[in-house]
Amino acid sequence: MLSFLLRRVLLLIPTFLGVSVVAFGFIRVLPGDPIELLAGERSISPERHAELMARYGFDLPLWDQYLKFLTNLASGDLGTSFVTRRPVLDEFLTLFPATLELGLCAIVFAVAVGLPAGVLAGVKRRSWFDQTLMTVSLTGYSMPIFWLGLLAIMVFSGWLGLTPVSGRISVMYYFDNVTGFMLIDSLLSGQEGAFRSAAAHLILPTVVLGTIPMAVIARQTRSAMLEVLGEDYVRTARAKGLPPARVIGLHALRNALIPVVTTIGLQVGVLLAGAILTETIFSWPGIGKWMVDSISRRDYSVVQGGLLLIAAIVMLVNLTVDLLYGLINPRVRRR
Amino acid sequence: MALLEINNLSVEFKTAHGAFRAVDGIDLAVEAGQVMAVVGESGSGKSVAMLALMGLLPWTATVSADSLTFDGWDMLALSPRARRRIIGKDLAMIFQEPMTSLNPCFTVGFQITESLKTHLGGTASERRARAVELLGLVGIPAPEKRLSAFPHQLSGGMNQRVMIAMAIACNPRLLIADEPTTALDVTIQAQILDLLLDLQKKTGMALVLITHDMAVVAETADAVSVQYAGQVVERDRVDSLFAAPRHPYTHALLKALPERATERHLPTIPGVVPGQFDRPKGCLFHPRCAFAGDLCRAEPPRLLADAQGRAARCHGPLDAAGQPTASRDLAERAAS
Ligand SMILES: Nc1ncnc2c1ncn2[C@@H]1O[C@H](COP(=O)(O)OP(=O)(O)OP(=O)(O)O)[C@@H](O)[C@H]1O
Ligand SMILES: [Mg+2]
């Protein structure tokens, strides 16, 4: 087990290097000069421009810039935003809880709805429920997030006036940032209505961000269920006279979960990609919005550092899922 | 009344190409404590008939029968809930593929105690003790340790023993063993059969043994039912059937036994069991029958019993010398 873990961790190194190249290269292939954007409307003299380029090291050959990025990285330095002048890691850590809170809510929503729906559709194959679910999930899966987001805002915030449009909590409330999770902090603050407000702000972004993972999980669960229900051991479970709830909920589901857990793990990457759009639509102050803003400002160090951190999270989650896989699948465990 | 009574059982599957009758009016009666062999080639509906009794067929199957009674219960009329109180307890079944019939995600101990918990209750430690006892009974060494093993850690033979332990956990009155040894090594096959028969004698349960193997039938069974293309073609006690089979199909099956072969090569039966699309008119066996006449090609025979209760579905059952008794010619029959 330990050697398995070690091997998996070692395998992450080349992946990580590859990601660093992409993160480093991505912002640099975009047209636009960071110094000019920084200067904004005021034009900048060529001398001043050259001086700033040198200050931030943008005048060096790309190769040297990359090496410097890597060596700084090795000492734990992700660079400093040249817009806010704060260390990239600090900014990331300030904003990440907002994304984490949204992402967790979205994945909980996706699993809580997608998994039971998929099981039911698999068991009641070809029923109206199955066909409705498959149509809805296909629609949800193919709908662009920004479109879904705008639609949701129009219907639920605009017409029905049920949910707030943007931000994490109403401006009426102010309290200290303890955990970074608005749901928890609002409770801790003890202010009346704060939790309700935080929850209300979460609903639409959660649903919008969770829709694609939910659709994927529902479909994967359904097809895993269909496959498993035809297996001999399910027949054996029935032959034992077990009630259907136990045959399906224990004997079949336990096996169907094996591929589903992998799928759920893969959705984390999808979720982080979706967070970029969702946070922008709902003005959610998380790392997704941070990335978009930084890209449009050509904040080189923030973009490359931020992308790297996001990629590291995805890799870490996938590693965890792989280990979890061993826990739920006894056939992998004792190798 | 027999422990198990099946009269005129039919099973039809909905398929993409219309209905397919996999079981076509089967009768079977099994007395308490009896060993009944069901033989027949692949595709003759042996498994489907037994799965129908257990209520384990998929939704595409339609089951009909004049009677399907086990231990006095009308299995077709029972509610699913009432049926579940019987199957796995008084009526148990084991399957052909031991490696896939056990759930890979749960330990052997869990799967055995689960049966006990469902039907008999008791405390966790009682169930555990009984599981150890059962594993010992089916000849698994170090049963205590095996409780925590997963199916993939055991061999096929061991898994089949676990299946048997699970099936006899609640002392069933009838155990259906559907080709329990087909998937196993030849050396293991005999051990598993011996185990089954040994358990049958010890517990006095009835046993329906589904098999392809006439040699197994000869060694183990009291009575035998021979199936062909979803129908019973011959039914008899084992000794008299082996002494003088009456149906040409049984005759051919017996001739294919190595110890009965008279030539250097084992005789085989030409052709295959008819499937969904090639069911012939008349007797279903006539395209492969050495004695087929016009009558066989025109009219399906009925299953008729002689004075000794030996039943055969044939227009001219064979005599003790292996020759047809009655004319199979349509013209002659019309004349007489
Ligand atoms: N679920 C199903 N849907 C459609 N046809 C089926 C289904 N299950 C079985 N059949 C068909 O029913 C016929 C009888 O099958 P069955 O499994 O009972 O044969 P068998 O006598 O047990 O053969 P074997 O010795 O190979 O186990 C076969 O032609 C098979 O293709
Ligand atoms: Mg079979």
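This is a predicted model: local features need pLDDT of at least 70, side-chain atom pairs count only at pLDDT 80 or more; totals for chains, interfaces and linings use all residues.
1. The contact brings together 23 residues of domain 1 of chain A and 15 residues of domain 2 of chain A. Between them, the domains bury about 1900 Å², and carbon and sulfur atoms give 79% of that area.

2. Chain B is also assigned two domains, domain 1 (4–226) and domain 2 (252–334). The C-alpha centres of domain 1 of chain B and domain 2 of chain B are 31 Å apart. Here 15 residues of domain 1 of chain B are in contact with 12 residues of domain 2 of chain B. The buried area comes to about 970 Å², with 62% from carbon and sulfur atoms. On the side of domain 1 of chain B, Phe20(B), Glu41(B) and Met214(B) supply 49% of the area buried against domain 2 of chain B, more than any other three residues.

3. How many salt bridges cross the interface of domain 1 of chain B and domain 2 of chain B? There are two. Have a look, too, at the side chains of Arg288(B) and Glu41(B), which meet in a salt bridge of 3.1 Å from N to O. Glu41(B) is also one of the three residues named above for the area they supply.

4. Another pair in chain B deserves a visit: Arg279(B) and Asp24(B) form a salt bridge through their side chains, at 3.3 Å from N to O. Arg279(B) lies in the loop between α11 (248–255) and α12 (294–298) of chain B, and Asp24(B) in strand β2 (residues 18–30) of chain B, so the pair ties together parts that are 255 residues apart in sequence. Arg279(B) is partly exposed, at 28% relative accessible area. Through shared partners, salt bridges join Glu12(B), Arg21(B), Asp24(B) and Arg279(B) into one network.

5. Now for the place where the chains meet. The contact involves 27 residues of chain B and 23 residues of chain A. Together the chains bury about 2300 Å², with 59% of it on carbon and sulfur atoms. In chain B, the residues that lose the most area to chain A are Arg84(B), Cys105(B) and Glu114(B), which together make up 23% of what that side buries. Two salt bridges are counted between chain B and chain A. Glu114(B) also meets Arg246(A) in a salt bridge between their side chains, at 2.6 Å from N to O.

6. Over all chains, the count is 21 salt bridges. Arg48(A) is partly exposed at 36%, and Glu51(A) is partly exposed at 46%.

7. The other pair is Arg222(A) and Asp130(A), whose side chains meet in a salt bridge of 2.6 Å, N to O. This pair links distant parts of the chain, with Arg222(A) in helix α9 (residues 194–229) of chain A and Asp130(A) in helix α6 (residues 128–142) of chain A, 92 residues apart.

8. On the surface, look for a nonpolar patch with about 1100 Å² of accessible area; its members include Phe146(A), Trp147(A), Leu150(A), Trp159(A) and Leu277(A). Helix α7 (residues 145–159) of chain A gives the most to the patch, with seven residues. Leu150(A) sits in this helix and is partly exposed, at 48% relative accessible area.

9. Lastly, find Gly180(A) in the loop between α7 and α8 (182–189) of chain A. Gly180(A) counts as buried, at 8% relative accessibility. The residues Gly180(A) touches, leaving aside those up to four places away in sequence, are Pro97(A), Ala98(A), Arg168(A) and Asp185(A). Glu101(A) is 79 residues away along the chain, with 8.5 Å between its C-alpha atom and that of Gly180(A).

Terms used: Residues are numbered from 1 along each chain as its sequence is written. Chains are lettered from A and ligands numbered from 1 in the order in which they are written. Side-chain values use heavy atoms; hydrogens and water are left out. Patches are made of residues with over 30% relative accessible area and no salt bridge: like charges are joined within 9 Å, nonpolar side chains (Val, Leu, Ile, Met, Phe, Trp, Tyr) within 5 Å. Accessible areas come from the Shrake-Rupley method with a 1.4 Å probe; for residues, only the protein chains shown count as cover. A salt bridge is a side-chain nitrogen of Lys or Arg within 4 Å of a carboxyl oxygen of Asp or Glu. Helices (H or I, at least four residues) and strands (E, at least two) are DSSP runs, numbered from the N terminus. Buried means under 20% relative accessible area, exposed over 50%, partly exposed in between (1.4 Å probe, protein chains only). Domain bounds come from an automatic or database domain assignment. Contact means heavy atoms within 4.5 Å. Buried area is the accessible area (1.4 Å probe) that two parts lose on being put together, summed over both.
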